[in-house]
Amino acid sequence: MKTYCIVGTGGRGIHSYAVPLVKDFPDCAVLAGVYDINWKRAALVSEYVGKNIPVFRDFDEMLRTCKPDAVIVTTKDSEHAAYIIRALEFGCDVITEKPMTTDAETCAAILEAEKRTGHNVIVTFNCRFFPFYVRIKELLMSGVVGDILSVHFEWLLDTRHGADYFRRWHAERKNSGSLLIHKATHHFDLANWFVDDEPRKVNAFGTQRFYGPHREQRSVRCLDCPYKKTCEFYMDIEADAEMKRMYRDCEDVDGYFRDQCVFGDRIDIEDSISLNVRYAHGAVMSYSLTAHSPYECMKIVINGTLGRLEADTAFGGTNLRVYNRKGERVDYVKVDKREIPGGHGGSDPAMRSNIFRGFTEDPLNQMAGTRAGAMSIGIGIAANISMKEDRAVCLKEFLGDFYDM
Ligand SMILES: NC(=O)c1ccc[n+]([C@@H]2O[C@H](COP(=O)([O-])OP(=O)(O)OC[C@H]3O[C@@H](n4cnc5c(N)ncnc54)[C@H](O)[C@@H]3O)[C@@H](O)[C@H]2O)c1
C-alpha cells in the first residue's frame with residue numbers, strides 16, 4: 001500500500017488523479033492529503049471522491065503530517081519545479097504532470113535534485129498510452145519504415161479547444177512557458193518516442209495574430225463583457241455547473257478568472273508556431289502548431305529507409321497508411337476505433353494502472369522520467385530561445401553535462 005499527496009487540485013488533479021486514485025486503486029493506494037493555493041478548490045476533492053480527504057494550508061505541513069511515498073504534482077506548469085524539488089528533498093518520489101517545468105533553469109534544478117536525493121520522478125506523458133499512438137510505435141519498432149530519416153508533424157487545435165488556452169493561465173508565458181512548452185511537450189515527446197532519439201538543435205518561428213490584443217472589441221473576462229452578445233468566443237462560466245463550482249465559486253480566494261478574454265492585453269504567447277529539429281542520430285523534423293484551425297487534427301508523416309508511414313486523426317478518424325520504396329501501400333493497418341472510456345481516449349486509465357499498480361515490463365518504453373521530460377520541454381525551451389534571439393539553439397546550451405550522460 002502506498003500513500004500519496006496531491007498538490008494542485010484543479011481539473012487534472014481532481015478528475016485524473018484524486019477521484020480514480022480513491023475509486024479504482026483502494027487495494028494499493030491511499031490519498032492522504034491535498035494542497036492547493038486555492039483552499040476552496042482543494043476542499044472540493046472530498047466532495048468529488050465521496051470521502052473526507054484532509055486539506056492542508058501549507059505544502060510542507062502536508063508532507064510532515066502525511067509522510068507520503070509519492071507526491072502528485074498537478075499545479076499550473078510554472079509551479080511544478082518548486083514542488084517536485086521540495087518533495088524529492090523531503091524523501092518522496094514524484095509523479096508530475098507534463099510539462100515537467102517551463103524553463104531551462106528549473107529543468108536543470110529538477111535533474112540535479114533527482115540525482116542528489118536518489119528519489120524518482122515520473123513524468124506523465126499520457127499520449128504514449130493512446131491506442132493510436134501505441135499502434136504507430138509498434139509499427140515503427142517492427143521496422144516497417146526502416147531507419148527513420150525525417151518527420152513531418154502538424155498539430156491543429158480548433159477554435160473551441162485552441163481558444164480555451166487563451167482564456168486561462170496558459171495564455172501568459174510566465175505560467176505556461178507558452179504553447180511550445182505547455183501543449184507541444186506532448187507532441188515533442190511523441191516525436192522523440194517515435195524517432196527513438198534525442199533532439200539536438202532547434203530553429204523556430206512563432207506569431208500571435210489570431211488571439212491576443214488585436215481586436216478592438218475586447219475586455220478582461222466574458223462574465224461582464226460589453227461584447228458578450230456579439231463575440232463568437234463568449235463563454236458563460238455560470239451556465240456550466242462544473243465550471244461554476246470549480247472556478248467561478250472559488251474566485252474570491254485567489255482572483256483567478258477561468259473565462260478571460262481571448263483577445264486580452266495579458267496574452268503574450270504565440271498562436272502559430274513553426275520549427276525544425278535535428279536529432280542526435282541525424283533524423284530531422286519539421287513541426288507546426290496552429291491554435292486557430294477550423295478543425296482539430298494531428299498529422300504525422302515518418303519517412304524511413306524502407307518506406308513511409310502517414311497517420312492522421314482528421315475528423316475524429318484514426319487513419320494509418322504505410323508505403324514501401326516502390327510507392328505501394330504495403331500494410332493495411334486496422335486501428336481499433338472504439339472510444340475507450342476514462343479520459344483522453346483510454347490513455348489516462350492505462351497510464352494510471354502502470355503508475356499505481358507498478359509495472360514490471362515496459363516493452364514500448366511508455367513510462368517516462370526526467371530525461372524524457374527534459375528532452376520534450378528541451379525542444380520548447382530551445383524554440384523559445386530561438387524565437388527570442390533569432391538563431392538556431394542546441395539543447396546542450398542549457399542541458400549542459402546532462403545532455404552527454
Ligand atoms: N496530460 C494531460 O493530458 C493534461 C491535461 C490537462 C492538464 N494537464 C496538466 O495538469 C496541470 C494542471 O492543469 P489543470 O488543467 O488541472 O489546470 P487548473 O487551472 O484546472 O488547475 C491548476 C491548479 O493549480 C493550482 N495552483 C496554481 N498555482 C499554485 C501554487 N503555486 N501552489 C499550489 N497550487 C497552485 C490552482 O489553484 C489550480 O487549482 C498542468 O500542469 C497541465 O499542464 C495535463
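**Note on helix packing and a buried histidine**

1. Helices H5 and H14 run roughly antiparallel to each other, because their angle falls in the class over 145 degrees. H5 covers residues 104-117, and the two helices pack at an angle of about 170 degrees with their axes 11 Å apart. Axes here are lines fitted to C-alpha atoms, for helices over the stretch in contact, and angles run from 0 to 180 degrees between N-to-C directions. Helices are DSSP runs (H or I, at least four residues), numbered from the N terminus.

2. This is a predicted model: local features need pLDDT of at least 70, side-chain atom pairs count only at pLDDT 80 or more, and totals for chains, interfaces and linings use all residues. Residues are numbered from 1 along each chain as its sequence is written.

3. On the H5 side, the contact with H14 is made by Ala 104, Cys 107, Ile 110, Leu 111 and Glu 114; H14 contributes Thr 370, Ala 374, Ile 377 and Ile 381. Contact requires C-beta atoms, placed from the backbone, to lie within 7 Å. By class, these residues are seven nonpolar, one polar and one charged. Nonpolar covers Ala, Val, Leu, Ile, Met, Phe, Trp, Tyr, Cys and Pro; charged covers Asp, Glu, Lys and Arg; the others, Gly among them, are polar.

4. The length of H14 (residues 370-389) agrees with expectation, because 20 residues at 1.5 Å a residue should span 28 Å and the end C-alpha atoms are 27 Å apart. The expected span is 1.5 Å times one less than the number of residues. Asp 390, which follows H14, has a positive phi near 55 degrees.

5. H14 is mostly covered, with 17 of its 20 residues buried. Buried denotes 20 or more other C-beta atoms within 10 Å of a residue's own, the C-beta atoms being placed from the backbone.

6. His 182 lies in helix H9 (residues 179-182) and counts as buried because it has 26 C-beta neighbours inside 10 Å. Leaving aside residues up to four places away in sequence, His 182 touches Asp 77, Pro 99, His 170, Ser 176 and Gly 177. Thr 101 is 81 residues from His 182 in sequence, with a C-alpha to C-alpha distance of 8.9 Å.

7. Helices H6 (residues 131-142) and H10 (residues 184-195) pack at about 25 degrees, with axes 9 Å apart. They are therefore roughly parallel, the class for angles under 35 degrees. Tyr 133, Ile 136, Lys 137 and Leu 140 of H6 meet Leu 190, Trp 193 and Phe 194 of H10.

Notes
A residue is buried if 20 or more other C-beta atoms lie within 10 Å of its own, exposed if 12 or fewer, and partly exposed in between; C-beta atoms are placed from the backbone. Two residues are in contact if their C-beta atoms, placed from the backbone, lie within 7 Å. Angles under 35 degrees count as roughly parallel, over 145 as roughly antiparallel, 65 to 115 as roughly perpendicular and the rest as oblique.
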